[in-house]
Amino acid sequence: MTVDDSGSGTDAQGRAEPPHERENPHSADPGEDPLALRLEQLILGAERRYTPFQAARSAGVSMELASRFWRAMGFADIGQAKALTEADVLALRRLAGLVEAGLLSEAMAVQVARSTGQTTARLAEWQIDSFLEGLTEPPEPGMTRTEVTYPLIELLLPELEEFLVYVWRRQLAAATGRVVQAADDEEMVDRRLAVGFADLVGFTRLTRRMEEEELGELVEAFETTAADLIAAHGGRLVKTLGDEVLYAADDAGTAAEIALRLIETMANDETMPELRVGMAFGTVTTRMGDVFGTTVNLASRLTSIAPKDAVLVDSAFAEELIRTRDAPASEAAAAEEAAAAEKEGEEPPVYRFGLQPMWQRPVRGLGVVEPWLLTRRNGSL
């Protein structure tokens, strides 16, 4: 039998043989680990049945569109190997159905596939590297990993799946709430946010001095601490970059509280290096869970020039804190307000944060900026 690039073929008499009626010669790899195949079937809940061509045809989707979806989800090209299941067909059918119903454009459907694939790929890698690997260590001498892995996955799979759906629904509800509160349609994509970068100082030097395992533990401790603080105080962790985290908040006061909490928490941990934070406030473009734009670039640049264990903000961030009465325009203005309040027998205004203007300086790609040093005012904890 011969096979062309489309996946169709001819039998010994030269008659056309439909792809779904013939056995693909690449359907099974004799060198493939039997346990890996059993685990795949357990996790996917179905046996390998289709080649990509057959799956696309069963879903009623062109091979070109199916390939776009699969690549967007992060799946490698497999030629015409019989490696796909009913679930793959159903996923194609659902995405194509959303496009046909007019709920998503084709480009948006590809974007949905890409964002979901990238997020879940990282989650799966983390679970295997940091979670399942430890649990699958043989509990007794003489037991092999093979004897432990399958029953463990069998027990964990439904629980992890339920938990994943729960967290996703919670996050979706929160994100939807932020969108519906937007002032207009443009604000749903281009929003005014406070953006902050928190960066470990001297991380490159640490990589040369520390063992890989120690370095991994340090990064994990930093990311965990940052993620917990950001979530607890109402921010959103956008992404982690090893020695740096990027987060966003709807208002400057929330972002400022997170930044100072990060500095204070890390300073009290002798095992952690110093931290510096840079923040900016302004219009931000959001795409696939990430943030882009001049505001993000400015926050990054401010981080690079921030002193150790300190927070620098841009002038727009400072103005926003002053506008919301989270910080005084100056210490002199705060003293005048306190004196006036005392004279009238009233309580003086309480400000959470202090702002100190720094020297203006040129910042690569952004011109001259005026950084402000953000501090916590006495008694504002």
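I take buried to mean under 20% relative accessible area, exposed over 50% and partly exposed in between, with a 1.4 Å probe and protein chains only. By that rule, buried residues make up 36% of the 381 residues in the protein.

**Entry 1. Basis of the entries**

I note that this is a predicted model, in which local features need pLDDT of at least 70 and side-chain atom pairs count only at pLDDT 80 or more, while totals for chains, interfaces and linings use all residues. Residues are numbered from 1 along each chain as its sequence is written, and side-chain values use heavy atoms, with hydrogens and water left out.

**Entry 2. Overall figures**

I looked up the secondary structure and found 13 helices and 13 strands. These are DSSP runs numbered from the N terminus: helices are H or I with at least four residues, strands are E with at least two. The accessible surface of the protein comes to about 22,700 Å², and 53% of it belongs to carbon and sulfur atoms; such areas come from the Shrake-Rupley method with a 1.4 Å probe, and for residues only the protein chains shown count as cover. I then turned to contacts, meaning heavy atoms within 4.5 Å. Of those between residues at least 6 apart in sequence, 64% join residues at least 24 apart.

I examined strand β9, residues 310-313. A310 and L312 on one side are buried, as are V311 and V313 on the other, so that both faces are covered. In a regular strand the side chains alternate between the two faces of the sheet. For pairing, DSSP must find at least two bridges between two strands. Strand β7 (residues 275-287) runs parallel to β9 and is joined to it by four bridges; V277 has V311 as its bridge partner there. Strand β13 (residues 372-376) runs antiparallel to β9, with three bridges, and L373 of β13 stands opposite L312.

**Entry 3. T303**

I located T303 in helix α11, residues 294-305. T303 counts as buried because its relative accessibility is 2%. Leaving out residues up to four places away in sequence, T303 touches F197, D199, E244, R276, V277 and G278. A polar atom of the T303 side chain lies 3.1 Å from the backbone nitrogen of G278.

**Entry 4. A nonpolar surface patch**

I found a nonpolar patch on the surface formed by L123, W126 and L164, with about 280 Å² of accessible area together. Patches are made of residues with over 30% relative accessible area and no salt bridge; like charges are joined within 9 Å, and nonpolar side chains (Val, Leu, Ile, Met, Phe, Trp, Tyr) within 5 Å. A salt bridge is a side-chain nitrogen of Lys or Arg within 4 Å of a carboxyl oxygen of Asp or Glu. L123 and L164 are 41 residues apart in sequence and 9.9 Å apart in space, C-alpha to C-alpha.

**Entry 5. Helices α3 and α9**

In helix α3 (residues 63-72) I list L65, A66, S67, F69, W70 and A72 as the buried residues. G74 follows α3 and has a positive phi, near 90°. In helix α9 (residues 212-232) I looked up A227, which counts as partly exposed at 25% relative accessibility. A227 and L237 are 10 residues apart in sequence and 6.3 Å apart in space, C-alpha to C-alpha.

Notes
Polar contact = N/O pair within 3.5 Å; in protein donor to acceptor, adjacent residues only side chain to side chain.
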